[in-house]
Amino acid sequence: MDLSLKKKMKLALMEKMINYLDLYKKGSEALVGAGIADASLDARLLLEYICGTDHNTLLVHGDMPVEDDKAERYMELISKRAAREPLAYILGEQEFMGLDFTVSEDVLIPNQDTEVLVEEALRYVSEGMRILDLCTGSGCIALSILNYSNGTTAVATDISEKALEIAGKNAERLGLQDRYTAHHADLYELKGALGDAELGKFDIIVSNPPYIPTKVIDTLEPEVRVHEPFIALDGKEDGLFFYRKIVENVDKYLLSNGWLLMEIGYDQGESVKALMENKGFKEVEIVKDLGGNDRVVLGCYY
């Protein structure tokens, strides 16, 4: 075939393709119509995911043609987001503490508010410390602490074996698998073949346990209520069930002068603080998040 003819055919094909900017506008409009709060951002991130581009592409190469199969796949993902499937689950990852974590519907999506828990824990971490992460989920809390500290190790537990698979992938992804060990357990109680094993004692215990009262879950946004794992949300009748269990048995696993830090709901600070003080914790403090809401309760066990 004549080279000039081949070039003409290629140009004609490209003219039929939708360009990058127009495809973005189409996706953004669909998400706006579905009532997605961050419609423009989500539409851009999904397009970058499909095309392997970055945020500059929209500004500099908006006229770039997009192949039909990519455009079709993009609109499929737009439809998923319009149906309120969380963006992180569609992309399969979420940024947290400056790190990228693999996520699926088997784990909670790492939330910026939870970064407060990690930041507070890092204030008390020193080299050689041993950390226990209860309800580890994606592993984002313990793995972030390990990433930003030296010579530390972490043991993590979760009731969900599927969550533990995700946590293991994240440990490998971050190159922290030699410092992070995850076990199938109900908080401190190991399951399966390790059921009689001892966790030992730790310098720091951290946890983001289920804390939403059962009756409140049905009022949450569809992204949370429908897609995030119920078992990781449900804090039973008053939302305090797991805090009671953690605090009640903490003396078996926390060293003297060790710290317990837990994420809480916005209205649970005083209740969890009282639980800890009644157990003998000192220097109990409620820490607020960037929105001004109570987010973490921490204390030292003497």
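Predicted model: local features only at pLDDT ≥ 70, side-chain atom pairs only at ≥ 80, totals over all residues.

I started with the contacts of Tyr-49: leaving aside neighbours within four places in sequence, Tyr-49 is in contact with Leu-77, Ile-90 and Leu-91 (contact means heavy atoms within 4.5 Å). Between Tyr-49 and Leu-91 I get 7.3 Å, C-alpha to C-alpha, with 42 residues separating them in sequence. Tyr-49 belongs to helix 3 (residues 39-51). For helices I go by DSSP runs of H or I with at least four residues, for strands by runs of E with at least two, numbered from the N terminus. Tyr-49 counts as partly exposed because its relative accessibility is 43%. My cut-offs: buried is under 20% relative accessible area, exposed is over 50%, partly exposed is in between (1.4 Å probe, protein chains only).

Residues are numbered from 1 along each chain as its sequence is written, and side-chain values use heavy atoms, with hydrogens and water left out.

**Ala-167**

Next I looked up Ala-167, in helix 9 (residues 161-173). Ala-167 has 0% relative accessibility, so I log it as buried. Not counting residues up to four places away in sequence, Ala-167 touches Thr-136, Gly-137, Ser-138, Gly-139, Leu-143 and Tyr-180. Tyr-180 is 13 residues from Ala-167 along the chain, and their C-alpha atoms are separated by 9.4 Å.

**Helix 7**

How many residues of helix 7 (residues 115-122) are buried? I find 6 of its 8, so I call the helix mostly covered. The buried ones are Glu-115, Val-116, Leu-117, Val-118, Glu-120 and Ala-121. They pack against strand 3 (93-96), helix 8 (140-147), strand 9 (202-207), strand 10 (254-263), strand 11 (281-288) and strand 12 (294-301).

Setting aside residues up to four places away in sequence, Glu-120 touches Leu-261, Val-287 and Leu-298.

**Salt bridges**

Side chains of opposite charge can pair when their charged atoms come close. I count a salt bridge when a side-chain nitrogen of Lys or Arg is within 4 Å of a carboxyl oxygen of Asp or Glu. The structure holds 17 of them.

One joins Arg-73 and Glu-76 at 3.2 Å, N to O. Both lie in helix 5, 3 residues apart, about one turn of the helix. Arg-73 is partly exposed at 36% relative accessible area, and Glu-76 is partly exposed at 38%.

Another pairs Arg-84 with Glu-221 at 2.8 Å, N to O. Arg-84 lies in the loop between helix 5 and helix 6 (87-91) and Glu-221 in the loop between helix 10 (214-217) and helix 11 (222-225), so the pair ties together parts 137 residues apart in sequence. Salt bridges with shared partners join Asp-42, Arg-81, Arg-84, Glu-221 and Glu-223 into one network.

I also logged Asp-294 with Lys-288, whose closest N and O atoms are 2.8 Å apart. Asp-294 counts as buried because its relative accessibility is 16%.

Glu-72 is in helix 5 (residues 68-82), and I mark Glu-72 as exposed because its relative accessible area is 53%.
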